[in-house]
Amino acid sequence: MKLRLTILILCLLMCSSGYAFAQEHLVIPATKSDVAGKGDKEWTFSADKVVAENDSEYVQAYGNVTVKSGGSFIKADFARFYQATKWIYLKGNVQAQWEGDFYEAGEAEFDLNSMVGWLKKGRVFVAKPHVFFESEFIEKHNGATYSFKDAKVTACDGENPLWSFESEEGDITLNGNARLWHSKFKIKGVPVAYTPYMSLPLESKRQSGFLTPSIGSSEKMGFKATIPYYWAINDETDLTVYGEYLGKRGYRPGVDFRHSEDANSKGEWRADWLYDGKTYDNAADGSSVFEDNGMVRPNHNRWWVRSKYDGYIGSPDWQTMVDLDLVSDQDYLREFRGGLNGYEETREGFIDEFGRDIAAMDANNRISTALVAKSWDDFSVSGLVQYNENLLYRNGNNPGDLNPTLQKLPEIDAFAFKQQIGDTPLEWQGDMRTNYFWREYGMSGGRIDLHPELSMPVTAAGITFIPHAGVRATSYLMDSFQNANSTIKQDSTQTRIMADAGISAFTDVFKVFELGSGPVVSKENIGQSSWTKMKHNIVPRLDYNWIQDESNQEELPYFDSRDRITKQNDIVFSLTNVLDRSMSTVVAGDDGQATLENEYLEFFRFRLEQGYDIDEANRSSDLSQYESRPFSDVMGEIILTPYDYVNLTSRTWLSPYMGDITEHENVLRVFDDSIGEVLFGYDYLSKVDEYKRKQASSMQVVRYGAKAYLPWGLEVGGEFRADLNNNRDLEKSLSVGWKQQCFFVEFLASQTTVDESYSVNFNLVDFGVF
């Protein structure tokens, strides 16, 4: 940038050997810069005293020196500006702001074109995020790039920060990473850890670096420490590597690879591995850890591979989903339930990101599936292959060549959505499923199952009637009848024809109640709200369903529930009440003026349901042991949400014959983002011995949970689950956290039926790393 002084200054330089100007202002007009996007800025130069020599290449300023350009400025006690090089030298109480970053130093020198320069005894504050670094000597390079020696880096305010990294050497790169060599991590100036190299992401966007570690101990695992490293490969992919050390078990590394090539595809692939020095070769050893399941675990190599993927093949119309869940043994997920790469963290992440769950941690069957599907306006098709890993036949627990687990290789489905037949009142829909089933030991073969259905909706007197009738045609082409029971007919080709029918009748009656006109729209009433309307819906519904009793099904091959369709001849009645409210609130608009805003909420739902089984009413067998009980339990459901921060869901089943409750499902949650939350849950199953259903023993599980955000940044939470019938605690956990301006630390304690563990997690705020 070429300096041009005002005409007054030029005349003074030519006509005098030396002049001093008190409280003068110089203007450095805008000129083009070599730095892209940094030119066209005018700097204003002012000081208590400005001295210029007619044969000098610089101007010197003394006292309250200020150089300004837009929102950027430089201040110092003394400044010397070089006209030819456009550099400015500053000394004494140097302060500067440049594009949001702040500088303090004893001495400094900058190029006003690009703000390239250096600082002695300097301190730099990077506003986004809230990070300070200071050093005896700091060099500022083009862009937001710095290098420094003997530096201290922290996100904490104050002269003696709560935590800091003190490094022999470091730099801040253009992509927003702070790289530190030979660093000490200090708490209140006291060294507590050392690292030869580390990288800290200083920007809110994804940056590579070490993530928050987890440190703790466990009765079964001993001392535990996990240090994850996050690699932002590019804008679409990243990789997290977990290094976990277990004092009593060894080293357990893990990886988490994520990618999202476009808006229609994303995937996450996770794996971890452990060479475990602890094994057990008889079931008695395992029963001391887990409930006796008669299984052994002699394997040292232990691992878990899992993934979720949503994408497409060729075109986004051909949707693709992959679910992978493979594990080395039946105990692995129960032992590694918690932690940064444990079962619970994986499950919650998959549900949040993909909306799909994985099998329970104690399930002996792990399902892996690959699916391709495409939909049109009236039809859809899908194809899948599915592998079912049965852990009962791993690690020598049972002979692998006797594994009867069913594999679907492949399955093809076709669906015809409900559509009208020409100009008639009839509608039709249907589905077809084609499978090839394979087992290592057992029946294998193919099956085609067709189920078309006709319906004819009719509305009369405000009531909608939908009669429907269908037929199911099933054909088998068998390869093997290995291990088939004696009732199954061993013909390679077999067929089945079954009919089904039914009718549904329902209506919807509602009324809107006017509750008031709402608050007066004025600035004084901003924040005031009131209910203005309430809508009450009543939805009675009656369903009758009939499925043909086909006794010859017992002769057919058996692969899944479609091969043994249960007869049905019952009526179900339900009555649903729904209350919605409209609430008007006075809010401030974009222009600052008061305006009215309406909010709608379904705050109450109550449903009653009961069925009547006609076949059970006409049953004549086993009446001496089981009396006829055609009426089902009365089910009552309540969903209550009176406010945005309260939710109650309660379902209760009451037997008309036992005169008692047979099942409960209750969850109450009260929450507020600034206060915390309280959760209460209660599940109950009673012992039942009836002709149609049996529950061998009763069960009661209670669950309490709470989290509170307290003053001074404290957070306290806990959860408790207990089996009341067996007087046994299932899980107890406690968390205590402390959040301050530059850090969050959390202590976790957990006790389950399997293990007892403690851990401490750190989060250095704005870094998200340790």
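1. Which residue forms a salt bridge with lysine 732, and how far apart are the closest N and O atoms? In this predicted model, the partner is aspartate 729, and the closest N and O atoms of the two side chains are 3.6 Å apart. Lysine 732 has a relative accessible area of 33% and is therefore partly exposed, while aspartate 729, at 37% relative accessibility, also falls in the partly exposed class.

2. Another of them joins aspartate 310 to arginine 356, with 2.7 Å between the closest N and O atoms. This pair links distant parts of the chain, for aspartate 310 belongs to strand β21 (residues 301-313), whereas arginine 356 lies in the loop between α4 (343-354) and β23 (365-375), and 46 residues separate the two. Both aspartate 310 and arginine 356 are buried.

3. Glutamate 690 and arginine 693 form a further salt bridge, in which the closest N and O atoms are 2.9 Å apart. Is glutamate 690 buried or exposed? Its relative accessibility is 11%, and because buried means under 20%, glutamate 690 counts as buried. Arginine 693, by contrast, has a relative accessibility of 31% and counts as partly exposed.

4. Salt bridges also join into a network, and one such network links Arg249, Asp276, Arg297, Arg302, Asp329 and Glu335. A reader checking the charged side chains may wish to view these six residues together.

5. Which strand supplies the largest share of the nonpolar patch? That strand is β43, with three residues; β42 (714-723) and β43 (728-740) each contribute at least two residues of the patch.

6. Turning to the aromatic side chains, the count of aromatic pairs comes to 28. In one of these pairs, the ring centres of tyrosine 704 and phenylalanine 720 are 6.2 Å apart and the ring planes meet at 20°, so the pair is stacked, the cut-off for stacking being under 30 degrees. The pair links distant parts of the chain, with tyrosine 704 in strand β41 (residues 699-709) and phenylalanine 720 in strand β42, 16 residues apart. Tyrosine 704 has a relative accessible area of 41% and is partly exposed, and phenylalanine 720, with a relative accessible area of 26%, is likewise partly exposed.

7. Aromatic residues are also found grouped elsewhere in the chain, where Tyr62, Phe78, Tyr89, Trp118 and Phe137 form one aromatic cluster.

8. Finally, there are contacts between a charge and a ring. Lysine 266 lies over the face of phenylalanine 354, at 5.3 Å from the ring centre. In a second case, the charged end of arginine 669 sits over the ring of phenylalanine 671, 4.1 Å from the centre of that ring.

Note on methods. Residues numbered from 1 in each chain as written. Predicted model: local features only at pLDDT ≥ 70, side-chain atom pairs only at ≥ 80, totals over all residues. Heavy atoms only, no water. Salt bridge = Lys/Arg side-chain N within 4 Å of Asp/Glu carboxyl O. Helix = DSSP H or I, 4+ residues; strand = E, 2+ residues; numbered from the N terminus. Buried < 20%, exposed > 50% of the residue type's maximum accessible area, 1.4 Å probe, protein only. Phe/Tyr/Trp six-rings, centres within 6.5 Å; stacked < 30°, edge-to-face > 60°. Lys NZ or Arg CZ within 6 Å of the ring centre and 35° of its normal.
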